[in-house]
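Subject: Structure handover

Hello,

Here is the structure I promised to pass on. Please open it first, then read my notes below.

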Amino acid sequence: MSHHRRVYVVTQNVEVRRLVTQHVAAVGAEAWPFAGGAEFIRMLQHLEPACVLLDLDLADVSGIEILNEMTRRGLGWPVIAMSARQELELAVEAMKLGAIDFLRMTPTREVLALALAPAWKALARAVEAAAARRDAQERLARLTAREIDVSLALLAGGSNKTIANEFGISVRTVEMHRAHIMTKLGVRSLPEAALLVTQAGVDLTRR
């Protein structure tokens, strides 16, 4: 089954985990249950993209900590938060950290199906974005150190002449670097190159 229909169920509550896993299967998806937050975090680097049903009331590692960790890793997977606590502050905090929905524990099959419908679309976008990021990073890896320096200078708005002066090279050499950069990146213009560099996760404002 494709990871586009996979759901990681993270809760220490055995009964909740059993019921939610059954509900996930009933809506035609594959449930991967985790018995706690620590186990889920340990496995994160080995997991494929999927939707996450996250219990915010975990005792070992809080659900908020897990959301923070997923954000830190830039995963972008859709997370549906669950909690027995009906606290507005908790829901707001979870949403700020990327959760796309907040459900009362334990959600019914119907409620879960409604929550997962937009989650599948969000997951598809996340998978597409991750693929674009990998492709952009692979293209950037083709550049030499000097080509990277020149490309960043070009994207910062530098002219061939100012870049030549900055690096102590000739304008002709800058032009050659520019041509090589465009070829290696597979782009035809600086705006295209800027988009690709941004997709790769490079902050152009920090040069």
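Strand 1 and strand 2 pair in parallel over five bridges. Strands pair if DSSP finds at least two bridges between them. Arg-6 stands opposite Glu-30 in strand 2.

Before going on, some ground rules. This is a predicted model: local features need pLDDT of at least 70, side-chain atom pairs count only at pLDDT 80 or more, and totals for chains, interfaces and linings use all residues. Residues are numbered from 1 along each chain as its sequence is written, and side-chain values use heavy atoms, with hydrogens and water left out. Helices (H or I, at least four residues) and strands (E, at least two) are DSSP runs, numbered from the N terminus.

Five strands form an open sheet in the order 2-1-3-4-5, and the pairing is parallel. Strand 2 and strand 5 (99-104) are the edges, each pairing on one side only. Neighbouring strands are turned by 20 degrees against each other on average, direction ignored. Axes here are lines fitted to C-alpha atoms, for helices over the stretch in contact; angles run from 0 to 180 degrees between N-to-C directions.

Two helices lie across this sheet. Helix 1 (residues 14-26) lies across strand 1, strand 2, strand 3 and strand 4, at about 165 degrees to strand 2. Helix 4 (residues 88-96) lies across strand 4 and strand 5, at about 155 degrees to strand 5. Contact means heavy atoms within 4.5 Å.

Strand 3

Five of the five residues of strand 3 (residues 51-55) are buried, so the strand is largely enclosed by the rest of the structure. Buried means under 20% relative accessible area, exposed over 50%, partly exposed in between (1.4 Å probe, protein chains only). Both faces are covered: Cys-51, Leu-53 and Asp-55 on one side, Val-52 and Leu-54 on the other.

Four bridges join strand 3 to strand 1 (residues 6-10), in parallel. Val-7 stands opposite Cys-51 there. Strand 3 also pairs with strand 4 (residues 79-83), again parallel and over four bridges. Here Leu-53 stands opposite Ile-80. Strand 3, helix 3 (residues 63-72) and strand 4 make a right-handed β-α-β unit. Right-handed means that, with the strands pointing away from the viewer, the path from the first strand over the helix to the second runs clockwise.

The aromatic rings

The whole structure holds five aromatic pairs. Rings of Phe, Tyr and Trp (its six-membered ring) pair if their centres lie within 6.5 Å; planes under 30 degrees apart count as stacked, over 60 as edge-to-face and the rest as tilted. Tyr-8 and Phe-34 have ring centres 5.8 Å apart and planes at 85 degrees, so they are edge-to-face. Tyr-8 lies in strand 1 and Phe-34 in strand 2 (residues 30-34), so the pair ties together parts 26 residues apart in sequence. Both residues are buried.

Tyr-8 and Trp-77 form a tilted pair, at 5.9 Å centre to centre and 50 degrees between the planes. Trp-77 sits in the loop between helix 3 and strand 4, 69 residues from Tyr-8. Trp-77 has 8% relative accessibility and counts as buried. Ring pairs link Tyr-8, Trp-32, Phe-34, Phe-40 and Trp-77 into a cluster.

Helix 7

Asn-160, Ile-163 and Ala-164 are the buried residues of helix 7 (residues 160-167). Their cover includes helix 6 (145-155) and helix 8 (171-185). The face turned away carries the exposed residues Lys-161 and Asn-165. Gly-168 follows the helix, with a positive phi near 70 degrees.

Best wishes
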